[in-house]
Amino acid sequence: MPERNFFRKAISAMTGYTPGEQPKIADLIKLNTNENPYPPSPDIVEKLRAFPVEKLRRYPDPTASKLRALIAEEWGAQVDNVICGNGSDDILTMIFRAFTDVDLPMAMLFPSYSLYRELAAMQNAQVILISLAGKDFALPDDLLAQAEKANLLMLTRPNAPTGTSFPLETVENICRKFNGIVAIDEAYADFASDNAVSLALKYDNVIVLRTFSKSYSLAGLRLGYAIAAPKIIEGLMKLKDSYNVDMLTQMIGEIAFADQKYMRENCRKVVAERIRLTAALKKIGFYVVPSEANFLFVMPPDGDGRKAFEYLRGNAIVVRYFAGEVTGKYLRITVGLPEENDRLIAALENFYK
Ligand SMILES: *Cc1c(COP(=O)(O)O)cnc(C)c1O
């Protein structure tokens, strides 16, 4: 019997998002998925040990109100400006369900986070790709004209995989003039010199997304949040899963978020290493795209990203390579611990000497 297919056409046509691998190699240096090299807040351990497991009988708070109140207070916002999700990917899903459709296109930067394309495909929504300009991957001057037909504009700031940020005034100007939702994905903003949260509190069409996966060292937990006008948050609440953030995640999130000092100190250490790694790679002959994130997008001296990726992998150092005409010339390297970065630098010095 021929195998039957009951999927919607749009789903059958999708390839699906490919996450960075979690390889099982001994003594591996893992610099491929932008995880934080430092552990999460030490305050978590004790609270987790003391957690009364019998509480798990009950459902969690469906809207994570205590955590949202903490987040709102930190940003000078109100609880109804905040929504939490099972990772910021969960909130991205809500945003695409809410603002894209067959006749409601989405615009995004290229190169950028490829999950957006998959989420648009699920909605049957057209994708408008806006190519970043030049070797510094800057926003093109005619971005607003290119994005004109879109109902949702995804701006990733700092961008991934390029690591670049865009001037806040330019972004504010886009928010002011764009006739649709501007969703600013700030997964890496804690490593950057500024952020766009004030825009989400000022404009009725701006959503800022944050995650606990990178700066809070909690990628395994799955927690993210968004800040926007109450009307947007209220709409997103309607289409989220009823209990999208579990009880343990709410508790751990509250502890981690309360320990801003620890998070900031880790970010400071990562940024210091980012600066050191940038200089070392330049010395070897790499072109290093200016980064405001916890990773670097770099072009090897011979412009062959794949060759460098394979060489490093053979030496138990895993970085990220994105095939393609533009991205294939580069590698994306997560900033690791000082000793990990040392081993990376030594391997590359050896390869290109
Ligand atoms: C890591 C990342 C995310 C995903 O965050 P989660 O909270 O782990 O789902 C979202 N956007 C960008 C650009 C990222 O790099």
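Reader: Which residues does Asp-136 touch, leaving out those up to four places away in sequence?
Author: Asp-136 touches Thr-164, Tyr-287 and Pro-290, where contact means heavy atoms within 4.5 Å. This is a predicted model, in which local features need pLDDT of at least 70, side-chain atom pairs count only at pLDDT 80 or more, and totals for chains, interfaces and linings use all residues. Residues are numbered from 1 along each chain as its sequence is written, and side-chain values use heavy atoms, with hydrogens and water left out.

Reader: Where does Asp-136 sit?
Author: Asp-136 is in the loop between β4 (127-131) and α6 (143-146). Helices (H or I, at least four residues) and strands (E, at least two) are DSSP runs, numbered from the N terminus.

Reader: Why does Asp-136 count as partly exposed?
Author: Because its relative accessibility is 43%; buried is under 20%, exposed over 50%, partly exposed in between (1.4 Å probe, protein chains only).

Reader: How far is Asp-136 from Ala-125 in space?
Author: They are 29 Å apart, C-alpha to C-alpha, and eleven residues apart in sequence.

Reader: New topic: what lines the second largest pocket?
Author: The second largest pocket has 13 lining residues, and Lys-55, Lys-66, Met-247, Met-251 and Glu-254 lie nearest its centre. A pocket is an open set of 1 Å grid points where a 1.4 Å probe fits, with protein on both sides within 12 Å along at least five of seven lines; lining residues have an atom within 4 Å of a point.

Reader: Which helix gives the largest share of that lining?
Author: Helix α10 (residues 247-258), with five residues.

Reader: And what gives the most to the lining of the largest pocket?
Author: α5 does, with four residues.
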